[in-house]
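Student: I am new to this model. Could we go through it in short questions?

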Amino acid sequence: MGTYTPKLDEKGRVFLPAKFRERLAEGIVVTQGQERCLVVWPTDVFAEEAERAAARPMTSRSARRYARILFAGGDESRPDKQGRIGIPAHLREYAGLERDVVVIGVRDRLEIWNPAAWREFQAEALEDYSDLDEDDD
């Protein structure tokens with residue numbers, strides 16, 4: 001949980017918030033997320049997501065599309081000794097990341113956002129917040 005505002009360095013690296021470093025030390029996968037953010041998965045959690053994606057029938061157009069985006073844009077790595085991760089150029093471009101970024105903790109993963117995109121998403125979501133936990137019936 002939490003919201004953090006680290007900066008990308010000139011090599012496209014970002015410091016992970018200290019409280020997450022131990023959990024992510026064994027390895028991560030960074031992928032394209034929904035709403036133009038990036039998702040940082042611990043490798044074991046990404047493996048579970050990959051299994052979930054693989055369990056969906058490839059005859060389903062949405063399943064094929066999800067799997068393609070999930071895997072094609074992914075990058076597997078380990079944080080360095082200072083707790084930094086490199087974000088490849090194609091992922092920085094996808095998410096519109098420049099120097100300032102927003103990192104949020106979301107249950108079993110982190111998301112990395114362009115600050116303006118995060119503010120816009122948050123403003124929209126907050127308007128509907130009271131209804132977000134209702135059943136979709």
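Student: Is R36 buried, partly exposed or exposed?
Tutor: This is a predicted model, in which local features need pLDDT of at least 70 and side-chain atom pairs count only at pLDDT 80 or more, while totals for chains, interfaces and linings use all residues. Residues are numbered from 1 along each chain as its sequence is written, and side-chain values use heavy atoms, with hydrogens and water left out. Buried means under 20% relative accessible area, exposed means over 50%, and partly exposed is in between (1.4 Å probe, protein chains only). R36 has a relative accessibility of 49%, so the class of R36 is partly exposed.

Student: Where is R36 found?
Tutor: Helices (H or I, at least four residues) and strands (E, at least two) are DSSP runs, numbered from the N terminus. By that naming, R36 is in the loop between β3 and β4. E35 is also placed in the loop between β3 and β4 (38-42).

Student: What is the phi of E35?
Tutor: Most residues other than glycine have a negative phi. R36 is not a glycine, yet its phi is positive, about 65°. E35 also has a positive phi without being a glycine, and its value is near 60°.

Student: How far apart are the C-alpha atoms of E26 and G83?
Tutor: E26 belongs to the loop between α1 (18-24) and β3 (28-32). With a relative accessible area of 59%, E26 counts as exposed. Along the chain E26 and G83 are 57 residues apart, and their C-alpha atoms are separated by 12 Å.

Student: How far apart in space are V106 and V39?
Tutor: V106 lies in strand β7, residues 102-106. V106 is partly exposed because its relative accessibility is 23%. V106 and V39 are 67 residues apart in sequence, and C-alpha to C-alpha they are apart by 9.5 Å.

Student: Which residues are linked in a network of salt bridges?
Tutor: R107 and D108 are joined by a bridge of 3.8 Å, N to O. The structure has 8 salt bridges by this rule. The network is made of R107, D108, R109 and E111.

Student: Is E111 buried or exposed?
Tutor: The members of the network can be taken in turn. R107 is exposed because its relative accessibility is 80%. D108 is partly exposed at 27%, and R109 is partly exposed at 25%. E111 has a relative accessible area of 12%, so E111 is buried.

Student: Where does D131 lie?
Tutor: D131 has a relative accessibility of 46%, which means that D131 is partly exposed. In the chain, D131 lies in the segment after α5 (115-127).

Student: Which ring pairs form a cluster, and between which residues?
Tutor: Rings of Phe, Tyr and Trp (its six-membered ring) pair if their centres lie within 6.5 Å; planes under 30 degrees apart count as stacked, over 60 as edge-to-face and the rest as tilted. The structure holds 6 aromatic pairs. Ring pairs join into a cluster the residues W41, F46 and F71.

Methods
A salt bridge is a side-chain nitrogen of Lys or Arg within 4 Å of a carboxyl oxygen of Asp or Glu.
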